[in-house]
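Subject: Structure handover

Hello,

Here is the structure I said I would pass on. My notes on it follow below the entry.

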Amino acid sequence: MRGWLRQAAGGLPRQFWFLWAGTLINRLGAFVVLFLSIYLTGERHFTQSQAGIILGLYGVGGAIGTMTGGVLADRWGRRPTMLTAQFGAAALMLTLGFAHTYAQIAVVTLLLGLFAEGVRPAFSAMMVDVVPDRDRVRAYSLNYWAINLGFALAAVAAGFAAQFDYLLLFVVDAGTTLITAIITAIFLAETRPARVHGAGPALAGGGIGTALKDRVFLIYLLLTLASVLVILQHASTLPIAMLADGFSAATYGLVIAVNGVLIVLGQLFVPKLIEGRDSARVLALAGLIIGVGFGLVALAETAWMFAITVIIWTLGEMLQSPSNAATVAALSPPALRGRYQGLNSLTWSIGTAIAPVLGGLILQKGGDAVLWAGCFVLCALASVGQLLAGPARARRAEQQRRAEARAIELAAARASVPTS
């Protein structure tokens, strides 16, 4: 056991563990977004389509936040970007708990999405900065493990807290976000790489336009978006569907907590399982498993049947998450890491904006069977795309590694030349 723990968690930089701790604390109180659709329909008595629009506004704010956060992470720095976003998100989370009218909730949710999602590119870029390439899949699995340990505990606690007072959800979420900001302020140092002059535009600099012209990366983001649209149904249409079938918010909390529990129990074994395997095939298999899991929701009638579907798509998610993070890191030039991470986060923000609106409309107009069958088809198509696009990504990643190695050699050679 000691040898396995050393292999799974040993040798990672000190700063990574502060990032990891901040992730865990923040996720322990991540109540609001998970239960927002239930809060809006059950407590505020909005319609399903109105709730979908509110959740979509969070995604719109998140899209703006991720792009802004990505640019600021490269220009301003990882640490100040994270601090601004975290303190802003804590304040807005508390404000949302006291908002009552539809207009107030809409505006605050939009701003909350901007600040809460704006931290992601800087956080991800800092993790790439401090963790060597050989350890990244392992580091991403550990961070994902922390996310889901917090998620599992938060889902159960929030489900029961919501039965007493929904305001507790907003207060605790704001508090844990504030603690994470304090950890950033005290323990995290700036990690933004210095620009390497003479190493070519991909390494020396560029702007968001450089990233937007990267066809290999954009194709990968489109394929990721397809899976994101399906995965995010767990926090939008799945709770609505379960409530419509007569289940309580607490039951939904217990069912969705299976996702976090399974990841906590098994995620640390994933790096060993996928080590040395082609990432495109891993991502394709992961997407197909996710599609099967969500597709089977159409047949679920009891709480344990819903839990089985969660187990299935969680297995796919466990394979996908570290492979996705490592792929984005491998394709990101050092000077543009914030922007590339911002575009990757934008995929999730776009999904957050589209998934609840699209899912809600399909659920309302077409019913359960159409929604969940569509989820399977979309994931299956994305899996085929991953296999077709994989070779081009592998070539680009290898070119990137060689370019970085040449840049490091060039910087070392210049540093060794004596100045007169």
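Val-328 lies in helix 16. Please keep in mind throughout that the model is predicted. The relative accessible area of Val-328 is 1%, and because anything under 20% counts as buried, this residue is buried. Leaving out residues up to four places away in sequence, Val-328 touches Phe-217, Tyr-220, Tyr-340, Gln-341 and Asn-344. Phe-269 is 59 residues from Val-328 in sequence, and the two C-alpha atoms are 21 Å apart in space.

**The largest pocket**

Helix 16, the helix that holds Val-328, also contributes to the lining of the largest pocket, where it supplies two or more residues. The volume of this pocket is about 850 Å³. Its lining is made up of 30 residues, and those closest to the centre are Val-137, Ile-274, Gly-276, Arg-277 and Ala-326. Besides helix 16 (303–331), the elements that give two or more residues to the lining are helix 1 (2–9), helix 7 (136–161), helix 14 (270–274), helix 15 (279–295) and helix 18 (368–416). By residue type, the lining of the largest pocket holds 14 nonpolar, 6 polar and 10 charged residues.

Which residues line the second largest cavity? They are Ser-37, Gln-48, Ala-51, Gly-52, Leu-55, Ser-236, Thr-237, Ile-240, Pro-356 and Gly-360. Helix 4 (48–75) gives the most to this lining, with 4 residues, while helix 12 and helix 17 (337–365) also supply at least two each. The lining of the second largest cavity has 4 nonpolar and 6 polar residues, and no charged ones.

Helix 12 covers residues 237–244 and is mostly covered, with 6 of its 8 residues buried. The buried ones are Thr-237, Leu-238, Pro-239, Ile-240, Ala-241 and Met-242. Just after helix 12, Gly-246 takes a positive phi of about 95 degrees.

**Salt bridges**

Side chains of opposite charge can pair when their charged atoms come close. The structure holds 9 salt bridges.

Asp-135 takes part in a salt bridge with Arg-138, with the closest N and O atoms 2.9 Å apart, and both of these residues are buried. Asp-135 also forms a salt bridge with Arg-134, where the closest N and O atoms are 3.9 Å apart.

Arg-136 pairs with Asp-133 in another salt bridge, the closest N and O atoms being 3.6 Å apart. Arg-136 is buried, with a relative accessible area of 10%, and Asp-133, at 44% relative accessibility, counts as partly exposed.

Elsewhere, a network of salt bridges links Asp-74, Arg-78, Asp-129, Arg-337 and Arg-339.

**A buried aspartate without a salt bridge**

Asp-173 sits in helix 8 (residues 167–187). Its relative accessible area is 5%, so Asp-173 is buried. How far from Asp-173 is the nearest side chain of opposite charge? That side chain is Arg-27, and it is 8.6 Å away. A salt bridge needs a side-chain nitrogen of Lys or Arg within 4 Å of a carboxyl oxygen of Asp or Glu, and therefore Asp-173 has no salt bridge at that distance.

What does Asp-173 contact, leaving aside its neighbours within four places in sequence? The contacts are Gly-29, Ala-30, Phe-31, Val-32 and Met-93. As for Arg-401, it is 228 residues from Asp-173 in sequence, with 39 Å between the two C-alpha atoms.

That is what I have so far.

Regards

Notes
Residues are numbered from 1 along each chain as its sequence is written. This is a predicted model: local features need pLDDT of at least 70, side-chain atom pairs count only at pLDDT 80 or more; totals for chains, interfaces and linings use all residues. Side-chain values use heavy atoms; hydrogens and water are left out. On a 1 Å grid over the protein atoms alone, a cavity is a set of points where a 1.4 Å probe fits but cannot get out, and a pocket is an open set with protein on both sides within 12 Å along at least five of seven lines; lining residues have an atom within 4 Å of a point. Grid points are joined across faces, edges and corners, and a volume is the space filled by probe spheres set on the points. Ala, Val, Leu, Ile, Met, Phe, Trp, Tyr, Cys and Pro count as nonpolar, Asp, Glu, Lys and Arg as charged, and the others, Gly among them, as polar. Buried means under 20% relative accessible area, exposed over 50%, partly exposed in between (1.4 Å probe, protein chains only). Lys and Arg count as positive and Asp and Glu as negative; His and the chain ends are not counted. Contact means heavy atoms within 4.5 Å.
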